[in-house]
Structures are given as structure tokens and as C-alpha cells.
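Hi everyone, thanks for making time.

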Amino acid sequence: MKVELEADKCVASGQCVLAAADVFDQDDDGIAILLAEEVGDALVDDVKEAVAVCPAAAIRLVQR
Ligand code: SF4
């Protein structure tokens, strides 16, 4: 599945990194960075958790 991050919405809370450290990192200002735009089954649940906990609704998981 494809991970989409709207960095302009990000409020640098870091919740996505805690939920899915293999997929998200933060830059020097705390803004989220995508480490992987495609995730396999092993990481889908982690990304779903990141989507759920992101306070800015900046993350989407898209089926394709
Ligand atoms: S959880 Fe959302 S607001 Fe927080 S760092 Fe990640 S993308 Fe940004």
C-alpha cells in the first residue's frame, strides 16, 4: 500500500515515528519525513496506527 504524507499539515508531534519508526522520521524542525512510500503487509498495521494517532490528519494509507 502507498503512504501519503502532507508535510504542510504536520505539527511535529512525533506520534507517527513512535507508531511506525521504519516508515517515518522527523527533520530538524520535527516535521515528519517519509522513509518509505510503499509498505508491505508487515508494516501496514504500524502505518494504520500512525494514521490513527496523527493529531493533524496528515497521513493517509492508499490502496492501489
Ligand atoms: S504524527 Fe502527524 S503531526 Fe505528528 S509528526 Fe507525524 S505526521 Fe506530523
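Before I start: when I say a residue is near a molecule, I mean that one of its heavy atoms lies within 4 Å of it. And keep in mind that this is a predicted model.

Okay, the ligand. There are 13 residues around it, and the ones that come nearest are Cys 10, Ser 13, Gly 14, Cys 16 and Cys 54. As for the space the ligand takes up, that's the largest cavity.

Next, helix α2, which runs 41-53. Which of its residues are buried? Those are Val 44, Val 47 and Ala 50. Looking down the axis of α2, they fall within an arc of 125 degrees, so they line one face of the helix. The buried residues of α2 pack against β1, α1, β2 and β4. Turn to the face away from that buried side and you'll find Ala 42, Asp 45 and Ala 52, which are exposed.

Most residues other than glycine have a negative phi. Ala 12, though, has a positive phi of about 60 degrees; it's in the loop between β1 and α1, and it's partly exposed, at 29% relative accessible area. Then there's Ala 57, with a positive phi of about 50 degrees. Ala 57 is in the loop between α2 and β4, and counts as exposed at 51% relative accessibility.

Key: Residues are numbered from 1 along each chain as its sequence is written. This is a predicted model: local features need pLDDT of at least 70, side-chain atom pairs count only at pLDDT 80 or more; totals for chains, interfaces and linings use all residues. Side-chain values use heavy atoms; hydrogens and water are left out. On a 1 Å grid over the protein atoms alone, a cavity is a set of points where a 1.4 Å probe fits but cannot get out, and a pocket is an open set with protein on both sides within 12 Å along at least five of seven lines; lining residues have an atom within 4 Å of a point. A molecule sits in a cavity or pocket if more than half of its atoms lie within 2 Å of its grid points. Helices (H or I, at least four residues) and strands (E, at least two) are DSSP runs, numbered from the N terminus. Buried means under 20% relative accessible area, exposed over 50%, partly exposed in between (1.4 Å probe, protein chains only). The arc is that of the directions from the helix axis to the C-beta atoms. Contact means heavy atoms within 4.5 Å.
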